[in-house]
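Please read them with the structure open beside the text.

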Amino acid sequence: MWKWCCLLLLFSHALLAEPLRAVVSQTNTAPYAIFDQQQRLTGGIAKEIVDELASRLDRQVLYLDLPRGRVIEWLITDKADISCFLSPEWVPASYKLSWTPVLFYTRQYIVRRVVDSPVRSNQDLFNKRVGTTRGFSYPELQPLFTNNAAVRDDAESLEKNIQRLEQGRVDLVMTVDLSYGQYQKHHDTSKLAADPLWAEPAAVYCALNSKHSLQVQQIQQQLAVMQQQGLLKKAVQRYDQWSR
């Protein structure tokens with residue numbers, strides 16, 4: 001018994017000595033992740049949360065800037081440890097991942113030109129070309145895309161989608177409250193309007209590499225404490241233009 005306890009202790013120390021491999025990609029638009037002109041991660045909600053988490057775990061952070069489509073692959077193949085702003089509803093159940101407690105809730109919005117009619121239901125999306133972000137999941141709209149009732153048209157960022165909307169290349173753009181609020185801080189949106197999606201606000205989590213149960217438990221515990229202490233709420237509120 002003593003031998004196994006020693007081995008477990010040694011494994012724990014070895015695990016904690018390794019950097020926390022966190023996926024924070026440029027597909028996570030501001031304010032989730034903020035990159036400078038040299039493509040370096042300099043701020044945002046993700047960095048605040050992961051930096052604090054790593055400090056509590058007494059670990060350094062290795063940030064990984066991956067395309068959205070490769071995030072889950074890296075988690076399940078033990079190339080990354082954590083990626084935030086995901087949900088079990090957006091990931092096929094066949095992928096074996098662990099999940100943190102809910103970080104916060106986000107409201108989806110549909111951006112349109114002011115001169116166009118408001119969007120209040122799925123029917124208002126019929127025969128529309130909808131600007132979406134490559135690699136992102138839209139469960140509420142997927143039946144429309146599958147049945148070709150609406151066209152999903154991917155771009156790499158919200159900025160690119162808004163440009164295409166203003167140019168008339170798409171009819172509508174999908175976004176979320178925090179991202180669009182951040183966009184409004186730096187751009188003239190007087191010719192745009194944003195209608196809330198009719199679905200309930202979505203719960204947002206971090207997905208975890210499930211291959212190391214001890215690490216999963218430690219991350220879940222620390223994030224739960226951070227949640228109880230109000231640190232996650234404060235991180236979001238610093239960037240939330242919609243609640244002001």
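The points below take up confidence, the nonpolar cores, the pockets and the backbone geometry, in that order.

1. Confidence. This is a predicted model, and the mean pLDDT of the protein chain is 90, with 92% of its residues reaching 70 or more. The stretch to treat with care is residues 5-11, over which pLDDT stays under 50 and for which the model has 2 contacts beyond four places in sequence.

2. The largest nonpolar core. This core has 32 residues, and those with the most contacts inside it are Ile45, Leu53, Ile82, Phe85, Leu103, Phe104 and Ile219. At least two of its residues come from each of E1, H2, strand E5 (82-86), strand E13 (202-209), helix H7 (213-228) and helix H8 (231-237). Helix H2 supplies the largest share, 7 residues.

3. Ile82 and its surroundings. Once the neighbours within four places in sequence are left aside, Ile82 is in contact with Leu20, Arg21, Ala22 and Val23, with Leu53 and Leu75, with Cys206, Ala207 and Leu208, and with Ile219. Val23 and Ala207, both contacts of Ile82, belong to a second, separate core of 15 residues that also includes Val71 and Ala203.

4. The largest pocket. Its volume is about 310 Å³, and among the 15 residues that line this pocket, Thr29, Ala30, Ala33, Phe35 and Glu159 are the closest to its centre. The elements giving two or more residues to the lining are strand E2 (34-35), helix H5 (158-166) and helix H6 (177-186), and H6 gives the most, with 4 residues. By residue class, the lining of the largest pocket divides into 6 nonpolar, 8 polar and 1 charged.

5. The second largest pocket. About 210 Å³ of space lies here, and of the 13 residues that line the second largest pocket, Arg68, Ile72, Trp90, Val91 and Gly135 lie nearest its centre. Helix H3 (residues 71-76) gives the most to this lining, with 3 residues. The lining of the second largest pocket divides into 8 nonpolar, 3 polar and 2 charged residues.

6. The cis peptide bond. Most residues other than glycine have a negative phi, and most peptide bonds are trans, which is the background for this point and the next. The bond from Ala30 to Pro31 is cis, with omega near 10 degrees, and Pro31 lies in the loop between strand E1 (20-23) and E2.

7. Positive phi values. Where do the residues with this backbone feature lie, Gln39 in one case and Asp58 in the other? Phi of Gln39 is near 65 degrees, a positive value in a residue other than glycine, and Gln39 lies in the loop between E2 and strand E3 (41-43). Asp58, likewise not a glycine, has a positive phi of about 60 degrees, and its place is in the loop between helix H2 (45-57) and strand E4 (61-64). As for accessibility, Gln39 is partly exposed, with a relative accessible area of 45%, whereas Asp58 is exposed, with a relative accessible area of 69%.

Terms used
Residues numbered from 1 in each chain as written. Predicted model: local features only at pLDDT ≥ 70, side-chain atom pairs only at ≥ 80, totals over all residues. Heavy atoms only, no water. pLDDT = per-residue confidence, 0-100. Contact = heavy atoms within 4.5 Å. 1 Å grid on protein atoms, 1.4 Å probe; cavity = no way out; pocket = protein on both sides within 12 Å on 5 of 7 lines; lining within 4 Å. Points joined across faces, edges and corners; volume = space filled by probe spheres on them. Nonpolar A, V, L, I, M, F, W, Y, C, P; charged D, E, K, R; others polar. Buried < 20%, exposed > 50% of the residue type's maximum accessible area, 1.4 Å probe, protein only. Core = buried A, V, L, I, M, F, W, Y, C linked by side-chain atoms within 4.5 Å.
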